[in-house]
Amino acid sequence: MNTIDKFNEHIMQSYGRYPLVMQKGEGRHCKDENGKEYIDFGSGIGTNSLGYCDEKWADAVCAQVRTLQHSSNYYYTAVQAEFAEKLCEVSGYKKVFFGNSGAEANECAIKAARKYSFDKYGKGRHNIITLVNSFHGRTIATLSATGQDVFHNYFFPFLEGFVNVTANDIDDLKAKLDDTVCAVMLEYVQGEGGVNALDKEFVDAVYSLCAEKDVLVIADEVQTGVGRTGKFLAGDHFGKKADITTLAKGIAGGVPMGACLFGEKCENVLTPGTHGSTFGGNPIACAGGLAVLDRITSDGFLDEVSRKAEHFKERLSKCSEVAALSGLGLMIGITLKSKKAGDVAKAALDKGLLVLTAKEKVRLLPPLTISDSEIDEGLDILIDILEE
Ligand SMILES: *Cc1c(COP(=O)(O)O)cnc(C)c1O
């Protein structure tokens, strides 16, 4: 039986997949089982931030595998300490809780926000405002938080305590930010919701209204964080630092890792026994994360991310089929005039280019290490398809 048949026979059919069996990757390219090569403008799905099998990253991960692959969180490990220290230093946060995915990082943020409010104000202040078109994960709590009706099917009952506000609608926010609310949770650039950056005025309003009421701001930077937008955190573009920030996707270069970062206000909110994760802070993931942070904090790296984003924009904006570009840094949304994003992604795959979609847009999340010639190699294919 071939790989696809085995999948169909034995793996729960919860994904729509392209008929591609991925075999090997190197740098910004990967190969399928037939040896056909692709340039990857999706970084896996924003996960392979340094590209495929980056040498220093792979050395760090392999060395850790051969030293200590896991230890229970009843004990300490040097690599988790080192990664946490560096992550706090780079992000400006006080404390971190490690999990294994974006949804788990958001679960942690939701629990922490509710506990912060309960500890200080008692019951009744448990609601969390999230935005229409947000995406926060696939667990019951994070699905409940997700502000898209299409996700609110089958799995009833969903969790109570999430109130949706229309993104960039300050009046809607003011109307719903009442005494029952403990936090506002947002993505600075909505990823799955269509690569839409929030307006600066709206972000400013969120922070000032929340500060007045001691309501926490939770930034879901699972997709936007760790250099994706040309700053370490997307909040840096807005001059804002959330009380809680969540990270995952690219944080460890393609090994599973999620992190929930806490600022001064909530640095002591989770006490022994209130939260945990068997694999959280796994040494292999931490070693991968350290390799990613080392690279991203190297001289001029993030400026290069921004410059390369301009390179993308300059060429794409001249394409006759492109109606508009959205996003921030190397998180790029392309609104098309007449073609369908899904058709473009399929045609690209045929021609050796991997792209993502988000709602009606083509979405690009290229590896942060992509070179100018690799950008051109992929854009030649993409623009050909768009202008066909
Ligand atoms: C991908 C994503 C998640 C979910 O992350 P998982 O690792 O799949 O659980 C949550 N929030 C945002 C903004 C994301 O892009």
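How many disulfides does the structure hold? It holds 0 disulfides, where a disulfide is a pair of cysteine sulfur atoms within 2.5 Å.

Some ground rules before I go on. This is a predicted model: local features need pLDDT of at least 70, side-chain atom pairs count only at pLDDT 80 or more, and totals for chains, interfaces and linings use all residues. Residues are numbered from 1 along each chain as its sequence is written, and side-chain values use heavy atoms, with hydrogens and water left out.

Cys30 is in no disulfide. Its nearest cysteine sulfur belongs to Cys53, 10 Å away. Cys30 is buried, at 1% relative accessible area. The cut-offs: buried is under 20% relative accessible area, exposed is over 50%, and partly exposed is in between, with a 1.4 Å probe and protein chains only. Cys53 is in no disulfide either. For Cys53 the nearest cysteine sulfur is that of Cys62, at 9.1 Å.

Stay on Cys53 for a moment. Its phi is near 50 degrees, a positive value in a residue other than glycine. Most residues other than glycine have a negative phi, and most peptide bonds are trans. Cys53 sits in the loop between helix 2 (43–46) and helix 3 (55–65). Helices (H or I, at least four residues) and strands (E, at least two) are DSSP runs, numbered from the N terminus.

Now the loop between helix 6 (140–145) and strand 6 (162–165), where Pro157 is placed. A cis peptide bond joins Phe156 and Pro157, with omega about -5 degrees. Tyr154 lies in the loop between helix 6 and strand 6 too. Phi of Tyr154 is near 65 degrees, again positive in a residue other than glycine.

What is the size of the largest nonpolar core, in residues? It has 82 residues, and Leu87 and Leu364 have the most contacts inside it. Such a core is a set of buried Ala, Val, Leu, Ile, Met, Phe, Trp, Tyr and Cys residues joined through side-chain atoms within 4.5 Å. Helix 9 (residues 283–296) gives the largest share, 9 residues. At least three residues come from each of domain 1 (3–53 + 300–386) and domain 2 (68–296). Those bounds come from an automatic or database domain assignment.

Look at Leu87. Leaving aside neighbours within four places in sequence, Leu87 is in contact (heavy atoms within 4.5 Å) with residues including Val96, Phe98, Phe232 and Leu293. There is also a second, separate core of 20 residues; Phe97, Cys108, Phe262 and Val269 are among them.

On to the aromatics. A search of the whole structure finds 6 aromatic pairs. Rings of Phe, Tyr and Trp (its six-membered ring) pair if their centres lie within 6.5 Å; planes under 30 degrees apart are stacked, over 60 edge-to-face, and the rest tilted. Phe83 and Phe98 are stacked, 5.4 Å centre to centre with 15 degrees between the planes. Phe83 is in helix 4 (residues 78–91) and Phe98 in strand 4 (residues 95–99), so the pair ties together parts 15 residues apart in sequence. Phe83 is buried at 0% relative accessibility, and Phe98 is buried at 5%.

Tyr154 and Phe155 have ring centres 5.6 Å apart and planes at 80 degrees, so that pair is edge-to-face. Tyr154 is exposed, at 70%. Phe155 is partly exposed, at 45%.

Last, charges over rings. The test is NZ of Lys or CZ of Arg within 6 Å of the ring centre and within 35 degrees of the ring normal. Arg114 lies over the face of Phe162, 5.8 Å from the ring centre. Arg125 lies over Tyr121, at 4.1 Å.
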